[in-house]
Amino acid sequence: MESNSLNYFRRLGQNIYAPASALGGPVVTLRISGAEINSLKKIIGDFPPAGTFSLRAILDPQTGDLIDRALVLYFKAPHSFTGEDVLEIQMHGVQSLVDRVCLSLKKIGIALALPGEFSFRSVKNDRQSLIEAEGLQQAFAVDGIDAKIASKLLGLSSEVEIRLNDLISDSTKLLQKARARIEAGIDFSEAEEEQAAEIASATTFVGSAHSSLSRLLSTHENFSRSGAEIRVAIVGSPNVGKSTLFNLLCGVDRALVSPIAGTTRDVIDVRVKSPSGLTYRFFDTAGIHEEFSDSVEQQGIARGLDWASRADFVIQVAKKGHGSSFSSLLNRDIDFQIWSFSEDKKIAEKTNDLFLDLLRDAKEAPSLVFGLLDRLHKERLKAQSSESLILSATSDRQILLIKKSMEEMSLALECLAGARPLELSGDHLMKSEEYLQAVLGNGLSDEYVGEIFSQFCLGK
């Protein structure tokens, strides 16, 4: 079977269509693009003036029957997303009507677009670069992102390419300098001091490149994870109500609850969608204390501490006036605390404190906790600098290539440290440079480029 990746190139200029909005709503947008889309006049009649909306009747091309009345918007090449003539049809979202219009498009020779085919044509027609296309696709894939952050990312799409180019260029120059030092060191094989100096310089250059790319990977991981799911660990001493809070947030009795201290011995987790649409992954952990009964409980406490240290947020449950914060043990701050019970309900209602016994009795209890978590999450996203956001909008493909490049750097460093033959270090650095050039889209085969866009959404 022929690979779809080759079809992207062979279909260039041919007329394609795809839904540009989610199906099932009151209005559905169909996007048609191609070098010659005059065949559409069989369905909608004459095109409206470029850049303007106009109401048109959509007709069956064979019977002439009316299918729907829709708003039509025409973009004249090259002033469109793809750089080709583009027509957008905004029609009623009734599924049977949408299906009939799509069938009519096929009847006049307009093919359903491949995933990412619109973006592919945009890149091939110089409307945007490969890095810009991947950066936007990556940013749009982050669920629950704050509106202001989303707007900023849209405005930074071109800067993604500039900053990533600078980062890759700087790293490549460091590797080239290192290779020059290695070659000089090999030439000084009989002069130990001179060779040691050259190897030391090469090690410094490779180490700097590796550290720079490591920071990018860390930034990308934090940004991507914050959109996919927000990890929240619930910690505290034994028998303070951690599992009760966990069940309350889950909406079901997921964890066992009993008056016996140490009931929870392992980490229990569950994913929950908040009323705002954000996905949280809650972790109920074993009670933290020093007088554990056996090695199993000790391992459970250790696992809980490990998950809590890596969580996005930590909630500590404690009895009012008892116990201290576990922030020093976790080597991180506790984001907020929930008290086990309130001795005076009236006083509690006048404070900003959250009490578990009152939350359990209140119907809006989960909303109160989710609201607090949502606010903390948005504040954390807003605190990211533009530089951080730019480097976060790096595609999974680029990240994979950067990791491969760093693996080659690590092998080169082993050679420089004497663990492997010095002569192999130059080969590893050359391979590392090749991976970095592929990040920027240089030297990619047609099939590889097609595979990149095949990961995009249909209609994008």
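Glu117 and Arg121 sit four residues apart in helix α4, so about one helical turn separates them. An α-helix has 3.6 residues a turn, so residues three or four places apart point the same way. The side chains of Glu117 and Arg121 meet in a salt bridge (3.5 Å, N to O). A salt bridge here is a side-chain nitrogen of Lys or Arg within 4 Å of a carboxyl oxygen of Asp or Glu. Helices (H or I, at least four residues) and strands (E, at least two) are DSSP runs, numbered from the N terminus.

This is a predicted model, in which local features need pLDDT of at least 70 and side-chain atom pairs count only at pLDDT 80 or more, while totals for chains, interfaces and linings use all residues. Residues are numbered from 1 along each chain as its sequence is written, and side-chain values use heavy atoms, with hydrogens and water left out.

**Salt bridges**

The structure holds ten salt bridges. Three of them are listed here.

| Pair | N to O distance |
|---|---|
| Arg121 and Glu84 | 3.0 Å |
| Glu117 and Arg121 | 3.5 Å |
| Glu434 and Lys431 | 3.7 Å |

Arg121 also bonds to Glu84 in a salt bridge. Arg121 is buried, with a relative accessible area of 0%. Glu117 is also at 0% and counts as buried. Glu84 is buried too. Buried means under 20% relative accessible area, exposed over 50%, and partly exposed in between (1.4 Å probe, protein chains only).

Glu434 and Lys431 are three residues apart in helix α17, about one helical turn. Glu434 is partly exposed at 48% relative accessible area, and Lys431 is partly exposed at 34%. Elsewhere, salt bridges that share partners join Arg11, Glu84, Glu117 and Arg121 into one network.

**Sheet and helices**

Six strands form an open, mixed sheet in the order β3-β4-β5-β2-β1-β6. Its edge strands are β3 and β6 (111-112), each pairing on one side only. Two strands pair if DSSP finds at least two bridges between them. Strands β1 (residues 16-19) and β2 (residues 27-34) run antiparallel and are joined by four bridges. Pro19 has Leu30 of β2 as its bridge partner.

Helix α4 (residues 117-124) lies across β1 and β2, at about 130 degrees to β1. Helix α3 (residues 95-107) lies across β1, β2, β3, β4 (66-75) and β5 (85-92), at about 65 degrees to β4. Axes are lines fitted to C-alpha atoms, for helices over the stretch in contact, and angles run from 0 to 180 degrees between N-to-C directions. Contact means heavy atoms within 4.5 Å.

**Burial and surface**

Eight of the nine residues of helix α9 (residues 242-250) are buried, so the rest of the structure largely encloses α9. Among them are Phe246, Leu249 and Cys250.

Glu433 lies in helix α17 (residues 425-439). Glu433 is buried, at 11% relative accessible area. Beyond its neighbours within four places in sequence, Glu433 contacts Thr172, Leu175, Gln176 and Arg179.

Leu55 is in strand β3 (residues 53-59) and is exposed, at 56%.

**Whole protein**

The protein has 18 helices and twelve strands. Of its 460 residues, 47% count as buried. Among contacts between residues at least 6 apart in sequence, 64% join residues at least 24 apart.
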